[in-house]
Amino acid sequence: MACCLLAILPVMADELVYVIPLKPDPPFTVDGDLSDWQGVPNQFNLNDKEHVTWSGDQWKGPSDLSAKGWMAWRTGTLFVAVEVTDDVVAQKRCGKDMYLGDHVELYLDFNPNHEPGRASFGDGQWTFGISPGSLTTTGDPQTDIKPEVFCYRPVNHSIKGVQVAAKRTPTGYTLEAAIPFELLKVSAVDQNTEVNGELAISDCDSAEPKQEKMMTLSTRPWESSRLRLGPMVFGDAAGKGTLPPRGLAIRKEMTIKPSSQEQVAFDAPAIPPGKEAYLFLRARMHSAKVAGWGTGALALTLNGQAVDGARFTNRPLVSKTGGGMTTTVVTSTGEANVFFSPDFTAADTDSHYRLLDGSKACEFEFRVTDLLKSARNELALQNRSENDPQIDRTIRVGDLGLVIKNPPPPPKQRRPAPTGSIPNIVPADKFPRRYTIAEKNSTTLEIKVGDDHPSQGDPASEVFIVKSQFSSPDGQWNAGSCEFYEHHRRIEPRDEAILVFDTFKNVAQRDVPIIQRHTCALEKRLVRVWLGGACMESGQGVLEKPGNPSTYGVTSQAGIGLLPLNDAFQVHAVNSCADGTLGLADNSFVLKNGSTYTAEWCLVPTAKPGRGQNHPACHPSGVGKGDFWEFVNAARRVLDVNFTLPYQFAFLRPEPKVWMPDTDENIRSFIENKGIHVLCVSTDADTHASTHFIEKGDHAKYVRYFEIVKRVAPDVRPIIYWDCFLDTHAPNIERFKADRALKSDGTQLDYGGTYSFMKIFLPTPENGFGAEMARFVDTLFDKCGARGIYWDEIEHSACRYHYGKPWDEVSGDIDPQTFTLVNKKSSVTLLSQPFRLQQAKRILARGPLVGNSPPHTRSMARLKFQRFTETGLISNCADMLLYSPVALGDHLTERNEVDSYRVMLAALDYGCVYNWYDDHIMPTHKNLACYMFPITPMELHEGYILGKERIITKVSGLYGWNDASSHEAHVFNEKGEEVADFKTPLVRKDGKTFTELRLAEDWSAAILRRPER
């Protein structure tokens, strides 16, 4: 990497610094032409395998993937430009799914010195995807995807003011972007302003959209971690800059005998204005295993002054341990407890001694800015332990140093509870038809939504024209029948939707590819659009989300949604919006020779919520947001997905003394404080090794685990992990050769990257791998003693399509310009569905079944069992809006119960309840999640979910069920702690009861419905 590198302090000697140069006049023109970047200093070059930090084994050389580029700044704006060499340019996705195609990722941390040891991204950290788009000019808006920027973190943040442009080159593409500092919430950037960052070039070469490899500025192996970002500094026009000091290494290691002290002298660097200096060290007393601590063993004196407890900053002075003890780890006068431990990290995973607040037991940090001298500083470290002939009480110290960083931000000022009027919030019980429909011709529908004569304050009517067209392999678009197929349409109006049935009969004596397009041109009338439940800030986008394949747009008067219904259409569905035109398409359908097929889809019209609406999310959250929830709830009723979700779910691995609490009392506490109904054990190393596990697995380990659960919590259902697509048993590659999932080049699909040893197969009721997977299920029940199954990757694994036999008889790649069939392919979801339906029914007959990801077909959705989505990105919750609205906890950021509560609140913004993920987290008290299940959703809204049995909310209001039932309320503060004496008056109006709930920001409540009195 050619860039300006600065020598910095020893504590960071292994890191290189990238200087972001200032761009003087003239400014850049963001047009994809990088000629105005020539001469800008500090160009970086990524052209060797050392910089392929993810899936390096997939890299074939610089022509496969390489890049040169720059970062630069001017007052108010950060600029990025890259010239990418890529022999296969492939980008078929946009928005948050752009990562599945060619793109650039930009990571920025403008608060690098705050909590420098925190790996998770939070305040001050940003993740952007920058896509060149498809770089095609076919004239088809679903093929010609435009360049764009998407903000992954913070979630749902605006990208207003961002500029982006791209151009195709003979060897790849160029990409250019400008991001306003105002968007980044950076008040001012000057020379020598510091930031941590990373730039990554991501590549996809396959027909199946997939992130295949990645090159980065850093050569360290890739991981999604804040700690991986490297130091950067804003420089001058010559590309020179000085990184402010971040630390000073004082002593790598030292020992302090009991009843003695060690002296250390050091010269401190000047502390820049606005920063603080912190003394950091690790300390322990050696022991073969974690065995408690020496109380008050360590005391520090700096320049003759005691370093007291008020200066201790990296964890609370008082902490609880996994064993239920409460200990003062540092006294007010500064004496610190030092753990007995074999190393500096073992105490953090010990089930009995680890600290429940998630902090590191052997790490100590003290703020010492005002104690430092500009000249020589003297630090004394005292071991206050007395000599003990039986126990070695020598303190081992590691990584003693000075850290210079920003002071912690001031506490967040939370919005107080409202004192004025609050809205009535009750589920709707009437759903009148608020539209009329006219068929203008065989493929054009006119829908009028709303009232031609509205009362005061209500919106007027809006007219939506929905047109359909179908391709044929002679390169033509058709409005109905043609020489290749006959087309017939049937319309079925319902109260909340218009069902459309398009039937095609093949008359061509051969397989016929058909692209189906349904569009609604709103142009300048379009106010806002959602694709797959995600709001498209730019008003543009193309998504493929079979779990939520919806297109929904609103005008100032009303809204219209488009949604596929039958299995093949749902699996193939493409949702789009381009230049004000909403779209729903199937770009992959093949009408088999001699067959007849019906594409079923629906239109969901929504009238603008008027004065009579009860829900506060209808207007205050922003233009169109209330309309969106009207659509979601109407679509849920059309799809008949408001079924009961019975289970609070949690993982707990069967590893006593490591993961699993080591006493019945601790296991019982773990279960009760998480409110668990089903407890899942992962098969860990045994997972995905089917034959080996069936024949030689340690089944007794799981039997013992389930016996413990049954003894401690007899009402809890112990279930076990299963994945039906993956196998790591090498002999099975040949044994089930005919059942492999194949790429377009004929090679077997795998999980990719470091998990390429996990091979993907296609289970069916007829093939050998399907029989193997059925045996696996029998083994989990009959030999391991499971009472239910958690089914991971239930719809497909790391690929959606298989290129080989057998054919699913409906799927193919179609040329977007000639409309001819390029090749046949098979949906993994459709091919495996008969097997998965069969196994799901078998499992449900024996016990609970919980799945990961929403169903991708109507056939699977009709089984109505609970599923969730993973929330490494909380926006994944949008995928669940049209099925079971459940969010699995975020294993990337949750470290304690306060973190978990934060994710519960974030999930509520999507109308979702919460299931537990990380089994390291052992709550010390009951929390909101304990009151979430069972729940039968009636309505979802931003910030709350209305269920038949209960209401879960973070929004103030008068809540009820339009009846006289009694209510039981549980209210939780900003830390997720229940506030027992919180007042929730029961208000009675016209024979109905309502709970009056006034919540401050980050407070929440569960209202349980009790029988009418």
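Helix α7 (residues 768–782) and helix α8 (residues 828–846) pack at about 10°, with 11 Å between their axes. Axes here are lines fitted to C-alpha atoms, for helices over the stretch in contact, and angles run from 0 to 180 degrees between N-to-C directions. This is a predicted model: local features need pLDDT of at least 70, side-chain atom pairs count only at pLDDT 80 or more, and totals for chains, interfaces and linings use all residues. Residues are numbered from 1 along each chain as its sequence is written, and side-chain values use heavy atoms, with hydrogens and water left out.

**The helix pair**
- Helices α7 and α8 are therefore roughly parallel to each other (angles under 35 degrees count as roughly parallel).
- On the α7 side, the contact (heavy atoms within 4.5 Å) is made by Gly770, Met773, Ala774, Val777, Asp778, Phe781 and Asp782.
- Helix α8 brings Phe835, Gln839, Arg842, Ile843 and Arg846 to this contact.
- The contact residues divide into 6 nonpolar, 2 polar and 4 charged (Ala, Val, Leu, Ile, Met, Phe, Trp, Tyr, Cys and Pro count as nonpolar, Asp, Glu, Lys and Arg as charged, and the others, Gly among them, as polar).

**The mixed sheet**
- In an open sheet, 4 strands follow the order β25-β58-β61-β60 with mixed pairing (strands are DSSP runs of E, at least two residues, and helices runs of H or I, at least four; two strands pair if DSSP finds at least two bridges between them).
- Strands β25 (424–425) and β60 (986–989) each have a single partner strand, so one side of each lacks a neighbour in the sheet.
- Strand β58 (residues 957–959) runs antiparallel to β61 (residues 992–997), joined by 3 bridges.
- Across from Tyr959 stands Thr995 of β61.

**The antiparallel sheet**
- Another open sheet has 5 strands, ordered β55-β56-β57-β62-β59, and its pairing is antiparallel.
- Its edges are β55 (937–941) and β59 (965–972), each with a single partner strand, so one side of each is left without a neighbour.
- From one strand to the next, the twist averages 10°.
- Between β56 (residues 944–947) and β57 (residues 950–953) there are 3 bridges, and Tyr944 stands opposite Thr953 in β57.

**The second largest pocket**
- The second largest pocket holds about 930 Å³ of space (on a 1 Å grid over the protein atoms alone, a pocket is an open set of points where a 1.4 Å probe fits, with protein on both sides within 12 Å along at least five of seven lines; lining residues have an atom within 4 Å of a point).
- Of its 39 lining residues, Lys92, Thr143, Asp813, Ile814 and Pro816 are the closest to the centre.
- By class, the lining has 14 nonpolar, 13 polar and 12 charged residues.

Methods:
Angles under 35 degrees count as roughly parallel, over 145 as roughly antiparallel, 65 to 115 as roughly perpendicular and the rest as oblique. Grid points are joined across faces, edges and corners, and a volume is the space filled by probe spheres set on the points.
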